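Please examine the model shown below with its chains coloured separately. The explanation then leads through it step by step.

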Amino acid sequence: MCPAKVMPEKRRVKIHMGPQHPSTHGVLHLVLTLHGERISKVECEVGFLHRGMEKIAENLQYQQFLPYPERLDYLSGLVHPMALCLTVEKMMDIEVPKRAAYIRVILAELSRIASHLLWLATHALDIGAMTVFMYAFREREAILNIFEMVTGGRMTFNYFRFGGCKQDVPAGFVERVNQFIYDFPSRMQDYETLLTNNRIWLLRTRDIGHLSAEDAINYGVTGSTLRGSGVDYDVRKEFPYSCYEEFDVEVPLSDRCDTYGRYLVRLEEMRQSLRIIKQACQNLPEGDIIADDPRVKLPKKEEAFNNMETMIRYCCSVMEGFSPPAGETYMSVEAPKGELGYYLVSDGSPKPYRLKIRVPSLLNLAPLDLMSRGHLIADIVAIIGTLDIVLGDVDK
Amino acid sequence: MPALLLLAIKVILTVTVVLLTVAYCVYAERKVIGHMQQRPGPQFVGWRGLLQSPADVLKLIIKEDIVPTKADKFIHFIAPVLCLVPAVLALAPIPFNKSGSLLIADINIGVLYILAVSELGIFGIILAGWGSNSKYSLMGAMRSAAQMVSYEVALGLSLVGVFMMSGSMSMVEISKAQSGSVWYILPQFLGFFVYCVAAVAETNRTPFDLPEAETELVAGFHVEYSGMKFAFFFLAEYTNMIVVSSIAATCFLGGASGWLLPPLVWYLIKVYAFLFIFFWLRATFPRYRYDQLMEIGWKFLIPLALANVVITALIKAYI
Amino acid sequence: MGIKEFIGWVTLKDLRQGLGVTLKHLRRPVVTYPYPKQEFLAEERWRGLHTLWKDENTGLERCIGCCLCEKICPNWAITITTSHADDGKKVVDEFIVNAGRCLYCGFCAEVCPVRAIRQSTDYARKVHKRGDIILNKKELLERGGQD
């Protein structure tokens, strides 16, 4: 795209986009410096949704903090607590039972599909295709129904526990997931017909928001946005966690480096996620749902009432929680938005000394200025869409 | 004097009917798009939501009329009127039936009149953007002006072929000329195509709805309007849709002619079919970008329309 | 661009296909939920508003006032006041759940050793005044049952 000509400063117009704007996906505030309709500079202001999650974590016991991370990226609420669980498990050296790990994988991948569907919906809506929005929400609804059935919540789940999951999946879970696996590909065909070859969609996404592989790495961009620039990096493949190494899956890449490339990558990722879910459902092992470790597993309630020792332990583990050994750990997972890392420092007390969350959306937002310079004002909407940010994640 | 009275009745009748159609056009649009997206659309007010439109109108009337502090009060006030009046004026030479008895004025340059008058609506839009004193509005207005000016050319040129074939610019004559021979959609298919695209752009509808692009300019030129003033823009947009659909029905689809059913019904069927296509396009397509839209207009549609004129002229001259 | 693609481009193949998809859906049944008209039935595991339960046989409150739920609650939404009766037994005087603070994580129901506090499938707390959102013991017991 042609860069904006160097014009005297007074000829430029500043426009405030957001924090209330239909396509900044929440409370993102952009200050656009325009020359005509061309963007010469984008200043990005974040923090409107800052809730101080990291500080909250320092004041709560580990298990009390569990419901919080899913409120960071509320569009894929199961991946955040999974990352936290994995971090603490790594720190305390807890082996998660295989069934629990598989269930985590199924739910996390469903979460990824839900998140990508919402991305597709809003991205298409930003560019003006409103019907894809409704179709994508229809499928997302099916996923949320599955989540509701398993976890008892549609957006906030609080299902994963340190060492496993809260309870086993209900009867009929696998059937419902299979039904979704059966339905979904034909539905995806509809989105593809509406968008992939549509000439308007191509005009609006091709060569928009160019982000070269080098720039992407330098800015710390991860996830589909990075893979859309042709860099083969997927945490699930590079550093497998939660049994991901057992699944046969490909990492979709695109060398286009533009919005269209990232669109194709994300669509393919949905298909690959579906493959993982399929394999996990087929091989779902029997067994425990939570690690048999006294530090994290609450004793059975009946036992607690009949046995003094157990009762004391029950009360203690609720009141005092558990204390991981002093030290520090970093664990990252592949969230739908990118690499999600939890860096945990423990001083041996039941509360984290410091919890640093490496949120993918914030870092993915970084190259916004670079990507949108010289583009038209209509393109910035497409570029924000293609970065796939969620403001809860950006602002922490 | 009776002639004047008759005219007054016709005017009132036409305007009322069209404005009612507009109100139900909104309802129909919401229903059609809703069902295309597998949702029911309006359904709570009245039976199947049929009273939604009166409810909307009522809401818009009683809504607070907000004028931004820094707006130019007079221009801000006059813009919606300037937008709506030309749109309604353009209804004058539209023949709803074959004989033209329901016609308000049979002007011998009917189509030209419509094009000229409806073009005046741009003033309303530009003044709305200017008077609101908001950058978003101004940007929407600028886009709108550029878009409507350039697509007006294509729209006019696409109809030239029809004028050549019918030898007249009067809506009644054009529609009469087709009843003897085939509908002009067949010999003038190129012109029809250009007309359709230009008409969608002219009425600021998806995929050419850049002036009000919800997701980038929020609502474009009418972002600072509320209440009845906003409703005026809305009415103007839908009236314009009806006008361009009527021109298409008259110039390309044989006007009120048809079998079995009375001419008025045929006419309405054709107009509604066009309106349905408007809704259908809106449900399906993404939005073009401003520069792409201009490119299509100037580099593609206008040459195509000119080619159509040349071809029609050649055929007319030699065959 | 091959000849086939070119023909497709000229005849607007991509746009026609898109229009076909929306037209196809025009005849399909509606999938949305007419929410206020049709009540939304939550799944069994739904973590909704809290309830306090009584014992099936004795009809007494199950809650023993151990305050574990108060302790585990990450948002301090639960307040329990207890006292000792004349016979020395612990009595739960008041049990307050501030549904406005609650984040519906379900820990209270999970840790309760006697399954006294549970979460119902009631997903909507509709009140007219802000203060009414706080549930006291009487209300909680009314919402619950016996088992």
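The model is a predicted one, and every value given here is computed from it.

The account begins with the interface between chain A and chain C. Here 43 residues of chain A are in contact with 40 residues of chain C. Together the two chains bury about 3,400 Å² between them, and carbon and sulfur atoms give 56% of that area. Polar interactions are also present across this interface: 22 residue pairs, both members at pLDDT 80 or more, are in polar contact. Several elements of chain A supply two or more residues each to the side that touches chain C, namely helix 2 (62–65), helix 5 (130–151), helix 6 (173–195), helix 12 (301–306) and helix 13 (308–319). Helix 5 of chain A provides the largest share of that side, with eight residues. Sorted by class, the residues of chain A that touch chain C comprise 18 nonpolar, 14 polar and 11 charged.

Charged pairs can be considered next. Four salt bridges are counted between chain A and chain C. One of them joins the side chains of C:Asp14 and A:Arg199, with a distance of 2.9 Å from N to O.

Chain C also meets chain B. In this interface, 15 residues of chain B are in contact with 16 residues of chain C. The area buried between chain B and chain C is about 1,400 Å², and carbon and sulfur atoms account for 74% of it. Which three residues supply more than any others of the area that chain B buries against chain C? They are B:Met36, B:Gln38 and B:Trp280, which supply 41% of that area.

How many salt bridges are counted between chain B and chain C? The count is zero. Polar contacts do occur between these chains, in five residue pairs with both residues at pLDDT 80 or more. On the side of chain B that touches chain C, the elements giving two or more residues are helix 1 (2–36) and helix 11 (263–284) of chain B. The largest share, five residues, comes from helix 11 of chain B. By class, this side of chain B has 10 nonpolar, four polar and one charged residues.

Rolling a probe the size of a water molecule over the atoms shows where empty space is left. Over the whole structure, the search finds five cavities of 30 Å³ or more. The largest cavity holds about 150 Å³ of space. Its lining consists of 16 residues, and those nearest the centre are B:Ile125, B:Asn204, B:Phe221, B:Phe233 and B:Glu237. Two elements of chain B, helix 5 (121–131) and helix 10 (227–251), each give two or more residues to this lining. Helix 10 of chain B contributes the largest share, six residues. The lining of the largest cavity has eight nonpolar, five polar and three charged residues.

The second largest cavity has a volume of about 100 Å³. It is lined by 14 residues, of which C:His50, C:Cys73, C:Cys102, C:Cys105 and C:Cys108 are the closest to its centre. The lining of the second largest cavity is made up of 11 nonpolar and three polar residues, with no charged residues.

Two points of backbone geometry deserve attention. Most residues other than glycine have a negative phi. B:Asn133 is not a glycine, yet its phi is positive, at about 55°. This residue is placed in the loop between helix 5 and helix 6 (135–166) of chain B. In chain C, C:Tyr104 also has a positive phi, near 55°. C:Tyr104 lies in the loop between strand 3 (90–98) and helix 4 (107–111) of chain C.

Over all chains the count comes to 41 salt bridges. Among them is the pair A:Glu54 and A:Arg354, whose closest N and O atoms are 3.4 Å apart. This pair links distant parts of the chain, with A:Glu54 in helix 1 (residues 53–58) and A:Arg354 in strand 8 (residues 354–358) of chain A, 300 residues apart.

Notes
Residues are numbered from 1 along each chain as its sequence is written. Chains are lettered from A and ligands numbered from 1 in the order in which they are written. This is a predicted model: local features need pLDDT of at least 70, side-chain atom pairs count only at pLDDT 80 or more; totals for chains, interfaces and linings use all residues. Side-chain values use heavy atoms; hydrogens and water are left out. Contact means heavy atoms within 4.5 Å. Buried area is the accessible area (1.4 Å probe) that two parts lose on being put together, summed over both. A polar contact is a pair of N or O atoms within 3.5 Å; within protein, one must be able to donate a hydrogen and the other to accept it, and residues adjacent in sequence count only if both atoms are side-chain atoms. Helices (H or I, at least four residues) and strands (E, at least two) are DSSP runs, numbered from the N terminus. Ala, Val, Leu, Ile, Met, Phe, Trp, Tyr, Cys and Pro count as nonpolar, Asp, Glu, Lys and Arg as charged, and the others, Gly among them, as polar. On a 1 Å grid over the protein atoms alone, a cavity is a set of points where a 1.4 Å probe fits but cannot get out, and a pocket is an open set with protein on both sides within 12 Å along at least five of seven lines; lining residues have an atom within 4 Å of a point. Grid points are joined across faces, edges and corners, and a volume is the space filled by probe spheres set on the points.
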